[in-house]
Amino acid sequence: MNLIMVQDAREKKNKHCNIEKYCNDNNIPIIRKRLNVGDYRLATISDNGCLKFINKISVDTKGGGLLELANDLYRDKLEFNKKYKKCYQDKIKLIVLVEQPIKNLKELLEWKSPHTRISGRQLLEMIHTLKVSYQIDFKFCDPKDTGETVISLLSGKKQHITAF
């Protein structure tokens, strides 16, 4: 089965060069198409030539690390809850991949936003609420590993990365 990476068409081009490089190095073509939820999904081409998603898993990347995640969750609570609720209703497993290596829960709890008053504890509470409410998984990785991690997560393979 020849895999195709489907990147949300609203995602800025070259925003995730690490993902694009990994796909290019591993002969995985990237197609830009508007996705209902998340930034990336895996697909194949069906017998009739149509794009067919291989499963109901989507990865939403946060290239700006914890700061981007905190800003998204804190500033846009209503918009993000609407998006996360939609993936839950559509039975799409959404994984939020934060491109920042976090080794353990203590490290997350001690994090402080340099621009807002949000703390690691508040961020963890928001993560927990979304996980419980909509079964969203939050995972963390080093940016150099993002391409491989996205493919692995979308393939449903187990990853040795930090998850909450």
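Lys-131 is partly exposed, because its relative accessible area is 32%. (Buried means under 20% relative accessible area, exposed over 50%, partly exposed in between, with a 1.4 Å probe and protein chains only.) This is a predicted model, so local features need pLDDT of at least 70 and side-chain atom pairs pLDDT 80 or more, while totals for chains, interfaces and linings use all residues. Residues are numbered from 1 along each chain as its sequence is written, and side-chain values use heavy atoms, without hydrogens or water.

Lys-131 has a partner. Its side chain meets that of Asp-137 in a salt bridge, 2.6 Å from N to O. (A salt bridge is a side-chain nitrogen of Lys or Arg within 4 Å of a carboxyl oxygen of Asp or Glu.) Asp-137 has a relative accessible area of 15%, so Asp-137 counts as buried.

Now take helix α5, which covers residues 120-134. (Helices, H or I of at least four residues, and strands, E of at least two, are DSSP runs numbered from the N terminus.) Start with length. At 1.5 Å a residue, the 15 residues of α5 should span 21 Å. The end C-alpha atoms of α5 are 21 Å apart, so the two values agree. (The expected span is 1.5 Å times one less than the number of residues.)

Next, look at the sides. Gly-120, Leu-123, Leu-124, Met-126, Ile-127, Leu-130 and Tyr-134 are buried in α5. Seen down the axis of α5, these buried residues fall within an arc of 160 degrees, so they line one face of the helix. (The arc is taken over the directions from the helix axis to the C-beta atoms.) An α-helix has 3.6 residues a turn, so residues three or four places apart point the same way. Turn to the other side of α5. There, Arg-121, His-128 and Val-132 are exposed.

Ser-133 also sits in α5. With 35% relative accessibility, Ser-133 counts as partly exposed. The Ser-133 side chain reaches back to the backbone oxygen of Thr-129, at 2.8 Å. (A polar contact is a pair of N or O atoms within 3.5 Å; within protein, one must be able to donate a hydrogen and the other to accept it, and residues adjacent in sequence count only if both atoms are side-chain atoms.) Ser-133 and Lys-85 are 48 residues apart in sequence, yet 8.2 Å apart in space, C-alpha to C-alpha.

What follows α5? Gln-135 does, and its phi is positive, near 55 degrees.

The C-alpha atoms of Thr-129 and Ser-58 are separated by 19 Å, and the two are 71 residues apart along the chain. Ser-58 lies in strand β5, residues 57-62. Ser-58 has a relative accessible area of 0%, so Ser-58 is buried.

Back to charged pairs. A search of the whole structure finds nine salt bridges. One of them joins Arg-10 to Asp-8, with the closest N and O atoms 3.0 Å apart. Arg-10 is partly exposed because its relative accessible area is 45%, whereas Asp-8, at 5%, counts as buried. Lys-86 and Asp-90 form another, also with 3.0 Å between the closest N and O atoms. Lys-86 has 34% relative accessibility, so Lys-86 counts as partly exposed. Asp-90 is partly exposed too, at 27%. Asp-60, Lys-62 and Asp-72 are linked in a network of salt bridges.
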